[in-house]
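Hi there,

Here's the structure I said I'd pass on. Have a look at it first, and then read my notes below.

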Amino acid sequence: MIESLLNADNAELTQSTKKGAPVVLSTRLRLARNLVDVPFPERASNTQRSNVMTRCADQIGELTQMKNGAFFDVAELSDLERQVLVERHLISRELCESQSGSGVFINKDQTCSIMINEEDHLRIQFLKTGFSLRYLWKQIDRFDSSLENGLDLAFSSEFGYLTACPTNLGTGLRASVMLHLPGLVISEQMDKVIRAVNQLGITVRGLFGEGSDATGHVFQISNQQTLGESEGEIMARLGSVLKTIIDHEINARFKYIEKNRARLLDQIGRAFGALQNAHVINSNEAMNLLSLMRLAVDLEMLPEVNRPDVDRLFIECQPGHIQYAAGEGIEPDARDLCRADILREEFFRLPALDFDKVNKLV
Amino acid sequence: MAENLNCSYCNKPATVHLTQIVNNKIIKVDLCESCAQAKGVTDSEGYALTDLLSKTNLSPDKGKSQITCPDCGLSTADFRRTGRLGCASCYHNFESLLKPFLEDMHAGTAHKGKIPDVALSRQTSIAKLNSLENALHRAITEEAYEDAARFRDEIQAYKEHVESQAAQQ
């Protein structure tokens, strides 16, 4: 069912031709919204859930922003298809496990997905490569307002948008930015950073949320609080914390290069060698090797045009994508072989690492 | 993991171990597979341990009166167990219970963000029309024809007002 999505030639996270940015992989905004006259999904009957799905899907389908988008009923997707969508951050694990009457609308370039009957009736998500809070807010705000033309949303003047979980109450806004922080991890400063930002109401999680560790040195940084501040204030606070983290990361990288240049070049060199030659790579190892390649691009050891390739492989090396590409259910061992095949082919095409670039830096 | 830990909720062997630093304190929680699932710890949207802890704090029943939401049937016990509300009216019905948690959870307890103007004005006008129409029916049944005529004119005027506003937009 999802072939057209996977083969789309302009998907934001996997087919982007933009150069991307050092440190920042992508930005995501999501809004939680509910209809006023129906219990929240967890307490709604099956009939109510399916009514909500029809009402919302009809309304969303009419919006110009969703032109050429696709709607998927979760019940009709296979486990593997669901996993692929999770790995692309287009749906959540919670949606996969939901009862009947859950679905997702995904627009053509996969920058926008709207989950229906997840924890809330509607979870609207916009995402973009790079650091882009303000642009995304304009997009999602406009989308949300046009949705409001046809749906009566649960809202109170005191508490704002009403959500199933009080942690999302008010704006219903979760802004999160995916950061690549090898410098802070290698220099063992990450715990300190997490402690500091937690005190500012900002949460740090791994690549796939809590419980997933930060493989590939990738972290999701997001606001924890949704009530008592406007959307602009929430994003401004998050933005300033992010800028500080990014500065610290860049500093940590330079300090590390100053002190451990040979060791870093060795690590990057060996990672490149492994990606070009290895025949068995599990997903954890792939993430860590790719992390070093992203760092190599940031240090200009690889051309900047290859950054989107590395970012795409972060997603395409996930277990679901490997299995999907293999076309059938394959065992984890066989997956590691397929993953290595893909990576060898991809990295064989890249030019040799330019070590001089780093030598000139110091 | 060297020692065998049990789930903080049901005492089954724990397989999920969470550690997070909240307000400078290291907080650890151990969960079994099913409790972790039930609490949404495996949710990819992410999960803050503070959410879980605030739910834990909800658990001990302090003997307060039990409320049940007339709209969706959610009870105080349900809310304490899941930390989630059942419908829009729950926010009104459980307000006193909820307020202290909102203060801990958020930057403030009053909404300062976006307001869905279009939907709200539509809801207000529907509510206003409904109440006028009810009044009209009542007046007719009570044979208060002068009142009925007045309500009929008000309904007409209000409809025209809404239409002209819609045309302006």
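**What I found**

Let's start with chain B: among its contacts between residues at least 6 apart in sequence, 25% join residues at least 24 apart. Before going on, keep in mind that this is a predicted model.

How many helices and strands does chain B have? It comes to seven helices and two strands. Chain B has 169 residues, and 27% of them count as buried.

Next, the place where the two chains touch. Chain B puts 43 residues into the contact, and chain A puts in 48. On the chain B side, β1 (16-22), α5 (95-105) and α6 (117-141) each supply at least two residues. Which element gives the largest share of that side? That's α6(B), with five residues. Sorted by class, the chain B residues touching chain A are 22 nonpolar, 14 polar and seven charged.

Helix α3 (residues 79-87) and helix α11 (residues 319-326) of chain A have axes that come within 8 Å and cross at roughly 130°. Are they parallel or oblique to each other? Angles over 145 degrees would count as roughly antiparallel and 65 to 115 as roughly perpendicular, so α3(A) and α11(A) are oblique. Their crossing is left-handed. If you want to see who meets whom, pick out A:L80, A:Q83, A:V84 and A:E87 in α3(A), which meet A:G320, A:H321, A:Q323 and A:Y324 in α11(A). By class, that contact has three nonpolar, four polar and one charged residues.

Last stop: helix α9 of chain A, residues 283-298. This helix has 16 residues and reaches 22 Å from its first C-alpha to its last, close to the 22 Å expected at 1.5 Å a residue. Why can we call α9(A) largely enclosed by the rest of the structure? Because 13 of its 16 residues are buried; a residue counts as buried when 20 or more other C-beta atoms lie within 10 Å of its own. Just after α9(A), look for A:E300, which takes a positive phi of about 65°.

Cheers

Definitions and conventions: Residues are numbered from 1 along each chain as its sequence is written. Chains are lettered from A and ligands numbered from 1 in the order in which they are written. This is a predicted model: local features need pLDDT of at least 70, side-chain atom pairs count only at pLDDT 80 or more; totals for chains, interfaces and linings use all residues. Helices (H or I, at least four residues) and strands (E, at least two) are DSSP runs, numbered from the N terminus. The expected span of a helix is 1.5 Å times one less than its number of residues. A residue is buried if 20 or more other C-beta atoms lie within 10 Å of its own, exposed if 12 or fewer, and partly exposed in between; C-beta atoms are placed from the backbone. Axes are lines fitted to C-alpha atoms, for helices over the stretch in contact, and angles run from 0 to 180 degrees between N-to-C directions. Angles under 35 degrees count as roughly parallel, over 145 as roughly antiparallel, 65 to 115 as roughly perpendicular and the rest as oblique. A crossing is left-handed if the near helix is turned anticlockwise from the far one by less than a right angle, and right-handed if clockwise. Two residues are in contact if their C-beta atoms, placed from the backbone, lie within 7 Å. Ala, Val, Leu, Ile, Met, Phe, Trp, Tyr, Cys and Pro count as nonpolar, Asp, Glu, Lys and Arg as charged, and the others, Gly among them, as polar.
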